[in-house]
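Hello,

Here is the structure I promised to hand over. Have a look at it first, and then read on for what I found.

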Amino acid sequence: MATPLTPDQWLRILRAEGVRVEEYPGWRTRERDAATGKAFGPVRMFLNHHTAGRNAKDVVAKNGVAGLPAPLAHVYLARSGVATMCSAGRANHAGAMAVNAYVSFRDEKSNHPAPSRASGTVDGNDVSYGLEAENLGDGKDVYPREQYDAWVRINAAVCRYHGWKADSIGCHKETSVEGKVDPRGPVEGYGSRGRFEFTPKQFRADVDERLKHPASWSPGSKPAPAKPQTPTPPKETDMATPYELWAYKGRGEDRDAYAYLRDTEAKVDALADKVAGLEQRPLTDDQVAAIAAAVAAHPALAQAIADTLATRLKD
């Protein structure tokens with residue numbers, strides 16, 4: 001549940017998200033609240049449409065169509081990616097929504113069931129923002145890259161402001177009990193992605209990804225490589241003195257570097273004394289005889305050892 005955005009809030013959040021925005025004359029006060037006796041809001045979701053025609057800005061913002069007065073959306077999105085504000089109040093865009101579908105968006109469910117008239121209906125114009133994206137709606141007309149990028153930004157801006165997840169975003173065909181098919185058609189590309197078919201699932205995924213980044217983020221953009229830095233020679237005042245080096249203590253240590261050095265020196269001296277005290281002791285005759293007897297069972301080996309020992313005994 002959210003209080004509807006004011007005109008100034010609309011402009012601020014869209015521009016912060018990087019959307020090029022224009023204002024249709026009279027849009028700040030043009031709405032259907034007074035004519036219907038129904039106040040707009042609280043708002044629960046964002047609903048997306050295609051215009052099914054070219055150059056429909058005047059129709060959406062002011063003129064309307066037979067039996068359906070304007071405004072027909074809050075935002076008109078041109079193929080160029082420029083968003084024109086058409087209303088900040090109640091707009092005739094959503095019509096009757098199936099309750100089962102509406103509830104899934106209201107409660108930000110990850111799965112959105114096909115709209116069922118049997119579940120009942122709710123007036124979608126009371127509870128949703130609407131956007132009309134310029135497109136013929138024939139399933140062949142391509143949404144230019146600039147238009148799709150702005151489309152994602154607009155939806156993300158509203159979600160970011162209200163604290164909504166991308167599952168608050170729907171498409172007219174996902175809520176209508178009148179068999180609406182919009183929006184549909186191929187998309188030229190988005191970020192580093194090439195041509196693909198518009199689907200509500202992919203659109204929500206793109207909005208969700210955008211919401212993980214700051215409003216200034218652009219899809220496919222990479223951070224600028226860090227400039228190599230020239231090492232700065234240390235100043236004489238930054239260098240440690242010999243006393244400070246020897247007085248250094250490691251984390252958790254109770255002795256400084258000089259104490260470790262002196263301790264190591266003492267241990268090396270003690271080891272040298274032990275090595276110097278070792279004596280070379282030659283084998284006795286009895287030890288030689290015992291070894292010879294032990295290998296006597298192996299004639300070849302015994303002969304080689306005996307020859308070596310005999311030579312040493314002579315020496």
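What volume does the largest pocket have? The volume is about 400 Å³. A pocket here is an open set of points, on a 1 Å grid over the protein atoms alone, where a 1.4 Å probe fits, with protein on both sides within 12 Å along at least five of seven lines; grid points are joined across faces, edges and corners, and the volume is the space filled by probe spheres set on the points.

Please keep in mind that this is a predicted model, in which local features need pLDDT of at least 70 and side-chain atom pairs count only at pLDDT 80 or more, while totals for chains, interfaces and linings use all residues. Residues are numbered from 1 along each chain as its sequence is written, and side-chain values use heavy atoms, with hydrogens and water left out.

Back to the pocket: 22 residues line it, and L68, H93, E132, H172 and K180 are the closest to its centre (a lining residue has an atom within 4 Å of a point). Strand 2 (45–50) and helix 3 (57–63) are the elements that give two or more residues to this lining. Helices (H or I, at least four residues) and strands (E, at least two) are DSSP runs, numbered from the N terminus. By type, the lining has nine nonpolar, nine polar and four charged residues (Ala, Val, Leu, Ile, Met, Phe, Trp, Tyr, Cys and Pro count as nonpolar, Asp, Glu, Lys and Arg as charged, and the others, Gly among them, as polar).

The largest nonpolar core has 50 residues, and W10, L14, Y129, Y148, W151 and I154 have the most contacts inside it. Such a core is a set of buried Ala, Val, Leu, Ile, Met, Phe, Trp, Tyr and Cys residues joined through side-chain atoms within 4.5 Å, where buried means under 20% relative accessible area (1.4 Å probe, protein chains only). Helix 6 gives this core its largest share, nine residues.

Helix 6 itself runs over residues 145–162 and reaches 26 Å from first C-alpha to last, close to the 26 Å expected (1.5 Å times one less than its number of residues). Of its 18 residues, 14 are buried. Just after this helix, G163 takes a positive phi of about 75°.

Finally, look at V43, in the loop between helix 2 (33–36) and strand 2. V43 is buried at 0% relative accessibility, and its C-alpha is separated by 6.2 Å from that of T3, 40 residues apart along the chain.

Best wishes
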